[in-house]
Structure formats: structure tokens, C-alpha cells
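Thanks for asking me to look this one over with you. Please have the sequence and the model open as you read.

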Amino acid sequence: MRRQSLIDYGKPLEPTEVETPTPKGTEVLLCVSHCGVCHSDIHLQDGYFDLGGGQKLDVRGLRQLPFTFGHEIAGTVEAAGPDAQGAVVGKRCAAYPWIGCGTCGVCARGDEHLCNAPRALGVTVDGGYATHVLVPHPRYLLDVEGIAPEIAGPLMCSGLTGYGAVKKALPYLRLGPLLIVGLGGVGMMGLQFARALTDAPILVADIDAAKREAALKLGAKEAFDPADAGARKAIFKASGGGAGAAVDFAGSDKSLGFAQATLAKGGAAIVVGLFGGSFTLPVPMFPLRALTVMGSYVGSPAEAQEMIALVRAGRIAPIPVETRPLDATSRALDDLRAGRIVGRVVITP
Ligand SMILES: [Zn+2]
Ligand SMILES: [Zn+2]
């Protein structure tokens, strides 16, 4: 099988070739048809996440080199191990990539994406910038018949992230509307899933006027510019006393500062974005405002199934996608890093 692999941190990917594995036990071998190029791959290529203030989170210890990234995987089942019950050769599917150890308490309660010994495809275990990928069990395969193959992979990342975050916001919407902060690809997904999951009004905030306009077209009730000094007051007015929940899809000190300041008493800020920085708030504000600040990281296998069902039901507008061949993967990461990509790039091995 052919792959595009990281040989050394901070360096371009290089072609590598290994023997195509034969699936054992419950394993399933997917022939990769599409694999989305994701912004998080840039941080993995660098070997660290920026924590702000010159601090870095070193993530180089998570994998052995050469390593193959790519966690937004769709393909067809090519072969299945003798115990891979339910895997049908030739079936088109997406791979749930946020796989845990499968044996700990976290995994047992269904939160494999939060496992402390992850086997995440394209993050800690070789992923989809390759002609083939090995999936440890058929339960990680999602039926994506009826969904465009080039978006099936990205749905496992940006789609699931948006869905998982909005679901956490739902219990707080009895206090006020939902505010979505940051209207990049994941934020727009979050907006659409929110429209599908709740009748509560949805407010949006982004510094980019074109994105605000696009969000209004997708059903947001009102849009605000967080750079506008009067935005917080305007949101309080529009919501009749503050948002019930604010989902921060940017994830910077500024965006979280803004998001939490728009909340009604008892409300929750949900942080999704990984832009970076650090955030401080006087401790008494937590009890005095009955404030919740929480994080949300992708979603569970069950949430992936729920999300796919919503996409199948036609609740998500098509995402603009550009496809590129496998040997153009490193170049695609460079383009993403340089901000030269509009929409999504998906590799077709
Ligand atoms: Zn991703
Ligand atoms: Zn586990």
C-alpha cells in the first residue's frame, strides 16, 4: 500500500510503501476513497499545539515515525478478519477515527473519544493519507450510503465536532437563545445541526461580514460583530437577558472572553476551537453568575451515528470540496497552513 507519511516533525510528508496488511480477528481493511485534509494535521506535523504566551503542548510522544496522518476517512471494505462480524466487502463507509482502548471505563460507557489510551486513526495509529487503512473493529464503520463520499470523511471531524458541541448546549437553551461564536467550517456545521436539533432562536457572531451573511441565510436569527463595542449589549437585548449557551468555535482568549460575557445567569460557554491563548476570570464570578465553562472534543461513536442520520435526512447544506491526489497531500497541508484554501480539500488515494 502507498502512503504519504511524516518522516520527521516540521518536515514535508514523503511517500512510503509497506505491504498491505491482512486483517486479523475483528479488523477490517478499508480501501480509502477519500480522506479530508484537516487543520489539526498541521499541528501534528509541527509536533505541538500553541498554548499562548510562548507555551507549547508537545504531541510528539504520541506516535512512532514514519507516521501516516489523515483522520477524515471514507472508503470501501476490501477485506475483513474472521471475527469482523457485520463487515460487508464492497460496502461504502466512513471510519469513526476517535477510537479508544476499548477496555477502560471511559470506553465502556461509550466515550471512546475521551479515552486516555487512544488508538485514534491518523493521530496515534496510521490513518488515511494512504491507499488502505486498518480499522480495529466493524463497529467503527458508519454506513454512508446516500451521502457524497467526499464529505463523509470530514463529517467525522468537523461535523461531529459541531454536533457534539451543540448537543451540550441544548439543556441550557431554556435560559435563552444559543449563540454561535466563530463561523468557520465547524461553526457553520454547528449552526446547521443546531437548526436541526432545537427550535430555540440561534444568534451568531463573527468579525467577517460575509460569514455573518452566510449564517443568516442558513437560518440564524440575528448576527453580531464581536469587534463592535456594543455587540454584548445588543446580544443581551436581542436575547432578553443573555444567551442560554454560547459555543466558541474559535477558541481564543478573545472569543471565549466574548462568548462568556454574553451569557444569562446560569448559562454555559462551550469551548470547541483550538486557536490558543489563555483565559482568566475572577473566581467569584462563577458562583455569582452560576456560570459554566466547559470544553467539547469531537463526539462519541453514538453521536457519530446520530449525526450521520441528520445528514442523511438532508439537514446539512452541501460543503464545497476540492479533491487532490495522494501525492499532493503535503502540498495541501502547506496550502492550508498558508490560508490558500477555501472550503475543504479531500485527498483521493
Ligand atoms: Zn479533522
Ligand atoms: Zn479506553
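Here are my notes, as numbered points.

1. First, the ground rules. This is a predicted model, in which local features need pLDDT of at least 70 and side-chain atom pairs count only at pLDDT 80 or more, while totals for chains, interfaces and linings use all residues. Residues are numbered from 1 along each chain as its sequence is written, chains are lettered from A and ligands numbered from 1 in the order in which they are written, and side-chain values use heavy atoms, with hydrogens and water left out.

2. Let's start at the metal. The zinc ion (ligand 2) is held by the SG atoms of Cys101, Cys104, Cys107 and Cys115, at 2.3 to 2.4 Å. Donors here are N, O and S atoms within 2.8 Å of the metal (3.2 Å for Na, K and Ca); water is not among the atoms, so sites may look incomplete. Along the chain, the donors of this zinc ion are spaced as C-x2-C-x2-C-x7-C.

3. What is the arrangement of the four donor atoms around the zinc ion (ligand 2)? It is tetrahedral, because the donors subtend angles of 104 to 116 degrees; for four donors, the term asks that all angles lie between 85 and 135 degrees.

4. Cys107 is buried at 7% relative accessibility, whereas Cys104 is partly exposed, with a relative accessible area of 25%. Buried means under 20% relative accessible area, exposed over 50% and partly exposed in between, using a 1.4 Å probe and protein chains only.

5. Now turn to helix H1 (residues 39-46). Six of its eight residues are buried, so the helix is largely enclosed by the rest of the structure. The buried ones are Ser40, Asp41, Ile42, His43, Leu44 and Gln45. Their cover includes strands S1 (2-6), S2 (13-17) and S4 (48-52), along with helix H10 (329-337). Gly47 follows H1 and has a positive phi, near 95 degrees. Helices (H or I, at least four residues) and strands (E, at least two) are DSSP runs, numbered from the N terminus.

6. Thr131 lies in the loop between helix H2 (105-108) and strand S8 (132-135). Thr131 is buried, with a relative accessible area of 12%. Leaving aside neighbours within four places in sequence, Thr131 is in contact with Met1, Arg2, Leu30, Cys31, Val32, Leu326 and Pro349. Contact means heavy atoms within 4.5 Å.

Notes: Four donors count as tetrahedral if all angles lie between 85 and 135 degrees; four count as square planar and six as octahedral if opposite donors are over 155 degrees apart and all others between 65 and 115; anything else is irregular.
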